[in-house]
Amino acid sequence: MLGQGFAVLLSHWRRHKLQFAMLVLGLALATALWSAVQAINGEARASYARAAAVVGQDRLEQLATPDGARLPQSTYIALRTAGWLVSPVLEGEKRFGGERLRILGVDPVTLPADAAQVNVGAADIGLQRFITPPGVFIMSRETAERLKGIDTPPIRISDALPPGTVLTDIGIAQQVLDAPGQLSRLLLAPKQPAEVRPLAQVAPGLVRRAPAVESDLSRLTDSFHLNLTAFGFLAFAVGLFIVHSAIGLAFEQRRPVIRTLRAVGMPLRALILLMIVELLVLSTVAGLIGVALGYGVASLLLPDVAASLRGLYGAEVPGTLSIRPSVWGLGLAIAVTGTLVSAAARLWRIASMPLLAPARPRAWSLASERALRLQAVGGFVLLVAAWLIAQFGAGLVAGFAALGAMLLGAALILPLALSLLLKLGERLSQGVIAQWFWADTRQQLPGLSLALMALLLALAANAGVGTMVQSFRLTFVGWLDQRLPSELYVTTRSNDESQKVHDWLASRSDAVLPIWNTEVRMFGQPVQVYGIADHATYRQHWPMLEAAPDAWDSIASGQGVLANEQLARRQKLTLGDMIPLDGGHSLPLVGIFSDYGNPKGQVIVGVGLLVKLYPDASRLRYAVRIAHDKAPKLAEDLRGTFGLPDENVVNQATIKAFSLKIFERTFAVTAALNVLTLGVAAIAIFASLLTLSGMRLSQLAPAWAMGLTLKRLAWLEILRSVALASFTMLAAVPVGLGLAWMLLAVINVEAFGWRLPMHVFPMDWLRLFLLAVASAILAALLPALWLARRAPADLVKVFANER
Amino acid sequence: MNVRVLLLLLLMMATPALAQGFAGLGGDAQGFAVPERGVALSFPQDHDAHPAYRIEWWYLTANLKGADGQDYGAQWTLFRSALAPEERPGWQSPQLWMGHAALTAPQRHYSTERVGRGGVGQAGVTLAPFSASIDDWNMTSRAPVSDDALSALSINAAGDGFSYNLNLDAKGPLVLQGDHGYSVKSAQGQASFYYSQPFYEVAGTITVDGKEIAVTGQAWFDHEWSSQPLAKDQTGWDWFSFRFASGEKLMGFRLRDAGDGFTSATWIAADGTSEPQPPGALTVTPLAWSDVKGHRVPVQWKLALPAKGLDVTTVPVNADAWMDTQVSYWEGPVRIAGTHPGQGYVEMTGY
């Protein structure tokens, strides 16, 4: 009995293959996008975790200088001979060929077990080879691929290391980084002897640092991943609209079957159970397809994401995807749960349906105007909530909550708005056919409203994100011009060479401006400190958002500090606030400048003050002013004279092009997700139209009987679809603008620390409008074709059957 | 003797040689210097490290009596293990160092270890003045320049739950083991250079779980270096350093293999005159076994050396004297009964 009942239920899908396909496709697509985003985030987070776990930084306390400067090796020996169980680490960056590597030197002998992810004693490495020059570079497979053909010490592979990181012996690292006798920090073994001399006596210059539970990297990139996650959810929500409508339809159509099954004695409980089993099977199959699709999507997107993260944050993420069962399992679970939630209301209705209820397969119980109004009121409440959250909330999560409330609110209002628009159309139109067209469209509205809401979400997201990206680009390009006024940027390789290059350039250029810098911890976060010279280049071009009138004089005389926008926002700094520098120095903030694309806080002081406060600051970079046409020749001479590699002498145009490339890649992912979301929405409309077309015969037959040809009716169907899509697009524009405003003024500020001016790009909307119309036509095409080819007998039957 | 533990930081080397003998000590000499018979040891130079040899240790064991009336034992060892037969500057040094320190109380045995690399000042041996150290553990000469550097020492070490500071004064001469310091370790001829200072009187303090206790007693020092002290089929050893009430002393060991093993002994008269005994003259027999930290170890022994009328049995101060270090073994103080009562130390590896 159960088996037969199941077969009967399933037979519905055999007769409605397309509906079945839509259901599976909708669910699969939603799952795919969601799990793709999760997979990408998972890959990135795993990579950050690997980076954080390297040499046990996430588990071990460390000793370091307060400002992060290097410490002498003698301090390490002093601590050991005082009984402290510490192990030295030297960290630094070094280019091999064109590849920038993070060199991590450790002492495998004293390294605490918690910090040893790589067994240096393994047969293919060996302690002797590891510590004896040229040493061994241990790195991930991917990093090794990038270094093919480049001259490095012998390479060994370990999956425990994040991309771009090299583990080597402390002695080898000191050689490679040209830092003899220097260490970056000391790892404290978890268990220290009871009797040791106090730290303050042995190494007064060092401070204990707690294990980095959350790495700077994962904190910085959080916002990026939250952005992706939000997109994933949006796609999934749109996908669920499809599932909800497809399931609803199928349940309605099966009312007669259900009545019959119950009439022949199948218990209600068994019936419900069968339907749940059916849903589970369906959603599992669709979920599996979605997960597989998601893997493909993620693989395609990951290289772009990896490039963005490297460009934006210097975060190394592998470009290839590893299979994470948790991500895919969760994707499947979400698909199944989403389906069951979508179907819950329908199941409940069947459970409470009288045994012999009239088996009317009405597509949708026609929602009354009152219901639409109620829904719209809910929508307004959500919009108000969105406004309140945006006004009074704080943090990225609040930002996204406001965003979600606004989108959902707008979607809920849409059916009423469309209904009113259609009424208006009806009133303005003349002629019977036109009036019937509007009235019939309005009558169809409840059936299409879910799909249209999905379309609204997709269109608004597209318009909003597009506006945000374009505004960003416009601002960014202008800002690059201000920020990079010098013709050449030179990076020397040693302090000695730096001095020589400076002297050489001084007589051959208009100005040589040092860009010296160091990184310190300020306000509990890593902050870059730059020293710049007093020069018209800065006074005229620097992209100040806010500045005291004599800001540049204060900088020149070492009496003031500039901070970038993100630091100022994060710490709520205003002009005149004191900025704590090293050596007990505090100086007033005299200006705030925009610094797009930089994840870190930055302050600028006069170069003289930098050298005084931070004698160890890197003094390797210069900006060179020279007549534009002479720059290439000077660059050539400079490279020739000092044997500098190409990448160490860069002209302005190259840096700009590079920055823009990073920018483009960053938003390539956004664009791809945007298009995919729109695709899902188009499928939602197609699915709804398709299923409606089957039961609209009873409404079309009278019009046909009164003389409208099937061909004409089919055209009208397409026109109807276009009209609805157009109206939805009209509604999407203000929603999209609201979204863009939220992204620029709330989300970006929270996520990146900068606020961008909003620019409007009507041509982009036009393109989006055409896209919406095109997808509406495409969606309506097949049902319209079917209608046009319908046998007249089918239409006549409508009048014969009592329905 | 000892083929004491040699342990080595070999764990870190973790070469396939680990499969051979205890702690890789059965490997080939591979370019390292090999001890030769007839080479005279000279002091103070031979107190120093011998980087051309693969392994070396400075080993001190002390039987102590506390002011609280209890028996205690203290061990202080610095091992050197070379990856290559040379010394190089700074971090490039192929010399690895390992320290083991233990304090045995009747109720509990404390042990701990330290590791470090040569070349950077964390660990090593210097001659003028003599000092062997790793981290904050030191064995330092207190002797006047005119005397042998080892005639007066101070040692200190600290670990989880214990520490000690001991002053040692030698009441007799250095003793060369084997054939003038050339100590044979197997029938195939594996050997080491080996000398001892078994005549120390000790005074100092130990700290056990925060409680400081004054102690006095006797100690025994060994310095041994070699490059392949074990034959390939030897799996471990049992080593004994006994001080008898008569003033006489015995150093003996058995290297275990699939067969009867290889025993060797040196009889030391009360004036320090040493009489090497022929291989096999000493017989050692386990009397009682005990499970210690998952290892089945003989904790009571019967030793017989008929040529000297010796027939004694041993009882440990604490049977749980397991060195819970990366290379682990049993090492602890024992009381001796029989024809020659006294006290001493026993070391057992490879169980």
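Start by selecting A:Val238. Leaving aside neighbours within four places in sequence, this residue is in contact with A:Ala30, A:Ala454, A:Leu457, A:Ala458, A:Thr677, A:Val680, A:Ala681 and A:Ala684; contact means that C-beta atoms, placed from the backbone, lie within 7 Å.

Before moving on, note that this is a predicted model, where local features need pLDDT of at least 70, side-chain atom pairs count only at pLDDT 80 or more, and totals for chains, interfaces and linings use all residues. Residues are numbered from 1 along each chain as its sequence is written, while chains are lettered from A and ligands numbered from 1 in the order in which they are written.

Now widen the view to the largest nonpolar core, with 274 residues, where A:Val238, A:Leu456 and A:Leu457 have the most contacts inside it. Such a core is a set of buried Ala, Val, Leu, Ile, Met, Phe, Trp, Tyr and Cys residues joined through C-beta atoms within 7 Å, and buried means that 20 or more other C-beta atoms lie within 10 Å of a residue's own. Select helix α14 (residues 432-483) of chain A: this helix gives the most to the core, with 22 residues.

After α23(A) comes A:Gly753, with a positive phi near 95°.

Last stop: chain B, where 24 residues are in contact with 24 residues of chain A. Which element gives the most to this side of chain B? Select β4(B), which gives three residues.

How values were computed. Two residues are in contact if their C-beta atoms, placed from the backbone, lie within 7 Å. Helices (H or I, at least four residues) and strands (E, at least two) are DSSP runs, numbered from the N terminus. A residue is buried if 20 or more other C-beta atoms lie within 10 Å of its own, exposed if 12 or fewer, and partly exposed in between; C-beta atoms are placed from the backbone.
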